[in-house]
Amino acid sequence: MEVINTSGRRKTSVARIYMTAGQGNITINGRDIKEYFPSEVLQTIVNQPFRTLEAIGKYDVKANLKGGGVSGQAEALRLAISKALVVENAETKSALKKEGFITRDPRMVERKKFGKRKARRSFQFSKR
């Protein structure tokens, strides 16, 4: 199997991955997944596509993550891995789509407006 190159996005995070057949090593920005995502929850999010297809330990993933926070990066990586698995085998798309791993989550932070404290929250009203 050749190298599969895909990308995934979530909020302001971008994940670019290179997936090959291997022993299941996941390297993120030159570090191991357990080092990059010490939280067990985030590691689970990243491994969800493999767990759905019972393909844990069959692919090596090299990922470049940029922008956003840790949860956004984990979900961007999950999307990229799901897309790579679909490129590798088109029959897996229905199983991954049913779990919601193929759909790009479009929710972003709304920008702050002038005359407001946040995007929609006004300053506290003072009658006197």
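## Val46 and its helix

In which helix is Val46 found? In this predicted model, Val46 belongs to helix 2. Val46 has a relative accessible area of 0%, which means that Val46 is buried.

Leaving out residues up to four places away in sequence, Val46 touches Ile26, Ile33, Phe37, Ala74, Leu77 and Ile81. The C-alpha atom of Val46 is separated by 9.7 Å from that of Ser82, 36 residues away along the chain.

## Course of helix 2

Helix 2 contains 13 residues, and the distance from its first C-alpha to its last is 17 Å, close to the expected 18 Å. A bend of about 45° occurs at Val46, with the proline Pro49 following within four residues.

At the start of helix 2, the backbone nitrogen of Val41 has a side-chain oxygen of Ser39 within 3.3 Å. After helix 2 comes Glu54, with a positive phi near 50°.

## Buried residues and their cover

The buried residues of helix 2 are Leu42, Gln43, Ile45, Val46, Asn47, Pro49 and Phe50. Among the elements covering them are strand 2, strand 3, helix 1, strand 5, helix 3 and helix 4.

## The largest nonpolar core

In soluble globular proteins, nonpolar side chains tend to be buried together. Here the largest nonpolar core has 29 residues, and Ile17, Ile28, Phe37, Phe50 and Leu77 have the most contacts inside it. Elements giving two or more residues to this core include helix 2 and strand 5. Helix 3 gives the most, with eight residues.

Phe50 contacts Met19, Ile26, Ala55, Ile56, Tyr59, Val61, Ile81 and Leu85, apart from its neighbours within four places in sequence.

Key: Residues numbered from 1 in each chain as written. Predicted model: local features only at pLDDT ≥ 70, side-chain atom pairs only at ≥ 80, totals over all residues. Heavy atoms only, no water. Core = buried A, V, L, I, M, F, W, Y, C linked by side-chain atoms within 4.5 Å. Buried < 20%, exposed > 50% of the residue type's maximum accessible area, 1.4 Å probe, protein only. Contact = heavy atoms within 4.5 Å. Expected span 1.5 Å × (residues − 1). Bend = angle between axes of the 7 residues up to and from the residue. Polar contact = N/O pair within 3.5 Å; in protein donor to acceptor, adjacent residues only side chain to side chain.
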